[in-house]
Amino acid sequence: MTLDIQFKIKNNQYYVRYLRENSYWYKILNRNPESFKFFEEEAKEKYGLRPTDRIEKALEAFSLIQNMISSMK
């Protein structure tokens, strides 16, 4: 694994946790450093870090607040 990839993983707690939970990525990243993009996508999908996930969470929170307000009326 290249130093660049190691630094990227160490600086992101989600990447570290995902790598520990899915240890097969050690072998993949050692043999093919270009596959870091796929690793990154999988980790973001698992922990809901994509922009679409964040928007979805915000809409769910807004919907919850809206339902609470309408039930108080």
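Figure 1. L19 is found in helix α2, which covers residues 13-21, where helices (H or I, at least four residues) and strands (E, at least two) are DSSP runs numbered from the N terminus. The model is a predicted one, in which local features need pLDDT of at least 70 and side-chain atom pairs count only at pLDDT 80 or more, whereas totals for chains, interfaces and linings use all residues. Residues are numbered from 1 along each chain as its sequence is written, and side-chain values use heavy atoms, with hydrogens and water left out. L19 is buried, with a relative accessible area of 4%; buried means under 20% relative accessible area, exposed means over 50%, and partly exposed lies in between (1.4 Å probe, protein chains only). Not counting residues up to four places away in sequence, L19 touches I9, W25, Y26 and F39, a contact being defined by heavy atoms within 4.5 Å.

**Figure 2. The chain as a whole.** The chain holds five helices and zero strands, so that its elements, read from the N terminus on, run α-α-α-α-α. Its radius of gyration is 18 Å, whereas a compact globule of 73 residues would have a value near 11 Å; the radius is taken over C-alpha atoms, and the globule rule is 2.2 Å times the number of residues to the power 0.38. Along the principal axes, the C-alpha trace spans about 60 × 20 × 20 Å. Of the 73 residues, 22% count as buried, and among contacts with a separation of 6 or more, 45% are made by residues 24 or more positions apart. The chain exposes about 5,900 Å², of which carbon and sulfur atoms supply 56%, with accessible areas coming from the Shrake-Rupley method with a 1.4 Å probe. The mean positions of the 13 positive and 10 negative charges are 5 Å apart; Lys and Arg count as positive and Asp and Glu as negative, while His and the chain ends are not counted, and each charge is placed at NZ of Lys, CZ of Arg, CG of Asp or CD of Glu.

**Figure 3. The largest nonpolar core.** This core is made up of 12 residues, namely I5, I9, Y15, Y18, L19, W25, L29, F36, F39, A43, Y47 and L49. A nonpolar core is here a set of buried Ala, Val, Leu, Ile, Met, Phe, Trp, Tyr and Cys residues joined through side-chain atoms within 4.5 Å. Two or more residues are given to this core by each of α1 (3-10), α2, α3 (24-31) and α4 (36-47), and the largest share, four residues, comes from α4.

Figure 4. Y18 has its place in helix α2 and counts as buried at 5% relative accessibility. Leaving aside neighbours within four places in sequence, Y18 is in contact with Y24, W25, F39, E42, A43, K46 and Y47. Y18 and F39 are 21 residues apart in sequence, and their C-alpha atoms lie 9.0 Å apart in space. From A43 to I55, 12 residues away in sequence, the C-alpha to C-alpha distance is 18 Å.

Figure 5. K46 is placed in helix α4 and, leaving aside its neighbours within four places in sequence, is in contact with Y18 and E21. Although K46 and Y14 are 32 residues apart along the chain, their C-alpha atoms are separated by 9.4 Å.

Figure 6. S35 lies in the loop between α3 and α4 and is buried, with a relative accessible area of 6%. Its contacts, leaving aside neighbours within four places in sequence, are with W25, I28 and L29. D53 is found in helix α5, residues 51-72, and is likewise buried, with a relative accessible area of 13%. Not counting residues up to four places away in sequence, D53 touches K44 and G48.
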